[in-house]
Amino acid sequence: GPMARCIEAVEQFHLQFKHLFPITSLFFIKNKPSVKSSVHKKNFLTISCLALIFVLLASAQAAEEEGMVAPNFTLKNLNGEEVSLSQFRGKYVLVNFWATWCGPCKVEMPSLEALYQRFKNKNFALLAISNDMFGATIVKPFVKANNLNFTILLDQRLKASNAFGVTSLPSTFMINPEGEIIGALFGAEDWATPSNILYFENLLK
């Protein structure tokens, strides 16, 4: 069917451009739940596949031209302090775009917390960037209720989200110590599975 052809096309892309994406299966883009959906469900997977291939081709072109350097941003945390991506140069950084109104985002938050607790003392940082329009007013109670300890940043005007080309939530990017994007995952993930933990253990050796 269309999805099988999509997967085959994406795999062919991955083989052709794997030198640009030195990443494991964790960040091999999969069909995962996100808040972006289509009323035309019959055609959605085919459309998604075409969009995915275009995104991958654009990413490959960007990688060849620019080395996939992550766009810098400066956003406020929940204490009103400014935090820039560039402050974390020298570390592996997982940048997660989310919102409190995004169901799949909320589902993956506990596993992101588990991942953070496991690797926070390594060469690793986790930045969760909220797209909530009302900022800290709505995000602070959510963070407290869910006992989240990683860095939360507020992107009410979607500056960072637009810079990263985010079109659905959650969207997650892996950035290496040189500031280059080495992986992307669109949709929710269980970050605490054994295979994902193994990925980060190997990455952060």
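**Helix packing and sheet order in a predicted model**

User: In which hand does H3 pass H6 in this predicted model, and which residues of the two helices make the contact?

Analyst: In this predicted model, the crossing of H3 past H6 is right-handed. The axes of helix H3 (residues 103-119) and helix H6 (residues 194-203) come within 11 Å and cross at roughly 35 degrees. By class, their contact has 4 nonpolar, no polar and 2 charged residues. The residues concerned are, from H3, Leu-115, Arg-118 and Phe-119, and, from H6, Ile-197, Phe-200 and Glu-201.

User: Which strands are the edge strands of the open sheet?

Analyst: The sheet is open, with mixed pairing, and its 7 strands follow the order E2-E1-E5-E4-E3-E6-E7. Neighbouring strands are turned against each other by 30 degrees on average, direction ignored. An edge strand pairs on one side only, and this holds for strand E2 (82-84) and strand E7 (181-186).

User: Which residue of E6 stands opposite Val-95?

Analyst: Strand E3 (residues 92-98) pairs with strand E6 (residues 171-175) in the antiparallel sense, over 5 bridges. In E6, the residue opposite Val-95 is Phe-173.

How values were computed
Residues numbered from 1 in each chain as written. Predicted model: local features only at pLDDT ≥ 70, side-chain atom pairs only at ≥ 80, totals over all residues. Heavy atoms only, no water. Axes fitted to C-alpha atoms, helices over the stretch in contact; angles between N-to-C directions. Helix = DSSP H or I, 4+ residues; strand = E, 2+ residues; numbered from the N terminus. Left-handed = near helix turned anticlockwise from the far one by under 90°. Contact = heavy atoms within 4.5 Å. Nonpolar A, V, L, I, M, F, W, Y, C, P; charged D, E, K, R; others polar. Pairing = 2+ DSSP bridges.
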